[in-house]
Amino acid sequence: MMHRWMRRAAIGAAAGLAASAPLIAADAAPHANLITSVAVGAVFALGMGRIRGAYAEAAMAGCALGVPLWIFVSCIGLPLLAGVASAFSAEQMRAQFPALMGWALYGCLLGVFTQGLNGLADRWVGTEAEPERAPTGPPKRIVILGGGFAGMTTAVWLENELGGDPSVSVTLVSDQNALLFTPMLAEVAGGSLEPSHISAPLRTSLHQTEFLRGSAEAIDFERRTVTVSAVGGPSGSARELPYDHLVLALGSVSNYFGAANIQKHALDFKTLLDAIRIRNHVIEMFERADRESDPAVRKALVTFVVAGGGFAGVELAGAINDFAHGILADYPAVGVDEIRTALVHSRDRILPELSESLGRYAQERMAARGVEFCLNTRVLDAGEGSVTLSTGEIRSQTLVWTAGTAPSPLLKAVGLPTDKRGAVAVETTMAVPGHPGVWALGDCAALNDGVSGKPCPPTAQFALREGKALSKNILRAVHGKAPVPFHFDSLGSLCVVGHQTACAELTLPFARAKTLRFSGLLAWMMWRGIYVSKLPGLERKARVLLDWTFEIFFPRDIVQTIELK
Ligand SMILES: Cc1cc2nc3c(=O)[nH]c(=O)nc-3n(C[C@H](O)[C@H](O)[C@H](O)COP(=O)(O)OP(=O)(O)OC[C@H]3O[C@@H](n4cnc5c(N)ncnc54)[C@H](O)[C@@H]3O)c2cc1C
């Protein structure tokens, strides 16, 4: 194990050294940048792990990493070392622009060189470790249910660890044929990104995994089979899949807490279709408002209510508000003062996931752009054209629900032990107690951290790490070894609150108690840099970057793409 880490760190350090030229040419502190380049290279190679042959992926990941590195090193670290204030004024940041280019190019080269040197090392000194083969006998069948962050990451890392081992087969079952990159979903609803650009097709992303588009309907734990029905196929086309290891990564669904009227009238905000529907609905409201002569009715048409002040609700309210103002010029009968975006939240401040100061900052910035906040308020009812709050009524045709989620109902239906939210109660290794070979992770699992004992939050950040850890645990189990508890310290949170404004809270891995807080343009650049690097596939990254570029030069598109009933 030690040998593997040392080898990776040495390769990363060498790649960092080789990639440092553009950075040294662009920045005024060559020695400090050289040392940083080597250190970053070593950490990058250790942290990234390795997916064979993924040169473009590694280049994009490294390039996007250049943005936060520029902020930490060129804007904060080096000025502090030189005894001057951090470079955050517009003028100072402009002066640091060449360094930003240097960091981006450095990151790009670092990604490519790390992959290249890994390949050369494989050829000259042998691979890190030959993948262990499963004990002889029929192949072990691993079935993963759910193609979201958790399921997809488990499959990717299993492929990587197995390296084509024929003694283990992996099948991924999902009712969607693509991984949805939810952190960018609000940008689709707000018309900034094309819907398909934030989804990565599962078939093309997975190379040795069998992909089955279908809906898991039942699990027989005695016979160790899953019943999968075809999505949209003829009835009676259900198929039984046998498994030796079953991974439950089914995510969550919207939870209306039994409020039937709200469920009937509200729009969900969970899937790609939800985001497309919201965008089309907003356009529809403007179309109707434009031909409406009654000012009260017109105002109600362009009033948008979002329930839930967590990340999803805040990002969506900001995106709808920006979109509404962005398309206003196309609707001459609608006045700017008629547009109303209201965010309803049951607590006294939004974004409880962030510190109080950042939450307040986000609220102030959104309020300055016209978003109205109904705090300490609950949505009690909804009807045709009205939303009833605990503090009164809002005339509106639009209510979007982000105020509650619950784990996939299938878990309870198959009789698994669940917590009060309905998530499968798992051990710290992600094993489901009392069901050998069954594992659960992501939003559908109630998992406690193996070191701190704290519950792991239902976020993509955790789902990705859980997927990687679970792939190793399953292979340990296949080889008769004990699985190890999951541990991960959150890296922090990022949230976009409106056009070119975000807030971020980052936890320093080497000083766990230390949290850095950013807001405004800087945080927004970090948000874009970090999330585009996480988006799977080079092609998707390029498409999203192009969308963002077009957004700068062209007005928002008001073409309706689906028919609304
Ligand atoms: C709008 C929005 C914004 C978000 N922003 C962030 C963010 O910025 N940062 C962050 O860390 N997290 C964010 N999250 C949370 C993050 O998306 C989830 O924590 C993450 O998706 C959980 O991954 P998962 O794989 O457990 O579930 P999911 O990603 O939901 O995947 C579950 C998969 O299982 C499939 N499935 C469900 N039932 C069945 C069945 N019966 N048969 C077959 N397939 C099935 C689903 O179609 C889906 O593909 C956001 C969530 C939303 C909704």
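The model is predicted. Five strands make up an open sheet with parallel pairing, ordered β11-β18-β12-β13-β14. The edge positions belong to β11 (267-268) and β14 (371-374); each has a single partner strand, so one side of each lacks a neighbour in the sheet.

**Helix on the sheet**
- Helix α13, spanning residues 311-327, packs on the sheet.
- The helix touches β12 (303-307), β13 (340-344), β14 and β18.
- The direction of α13 makes about 170° with that of β12.

**Pairing of β18 with β11**
- Strand β18 (residues 398-401) pairs with β11 in the parallel sense over two bridges.
- Val400 in β18 is the bridge partner of Leu267.
- Asp268 stands opposite Trp401 of β18.

**Pairing of β18 with β12**
- Strands β12 and β18 run parallel and are joined by four bridges.
- Val306 has Val400 in β18 as its bridge partner, and Val400 is also the bridge partner of Leu267.

**Side chains of β18**
- In a regular strand, side chains alternate between the two faces of the sheet.
- In β18, Thr398 and Val400 point one way, whereas Leu399 and Trp401 point the other way.
- All of these β18 residues, Thr398, Leu399, Val400 and Trp401, are buried.

Definitions and conventions. Residues are numbered from 1 along each chain as its sequence is written. This is a predicted model: local features need pLDDT of at least 70, side-chain atom pairs count only at pLDDT 80 or more; totals for chains, interfaces and linings use all residues. Side-chain values use heavy atoms; hydrogens and water are left out. Two strands pair if DSSP finds at least two bridges between them. Contact means heavy atoms within 4.5 Å. Axes are lines fitted to C-alpha atoms, for helices over the stretch in contact, and angles run from 0 to 180 degrees between N-to-C directions. Buried means under 20% relative accessible area, exposed over 50%, partly exposed in between (1.4 Å probe, protein chains only).
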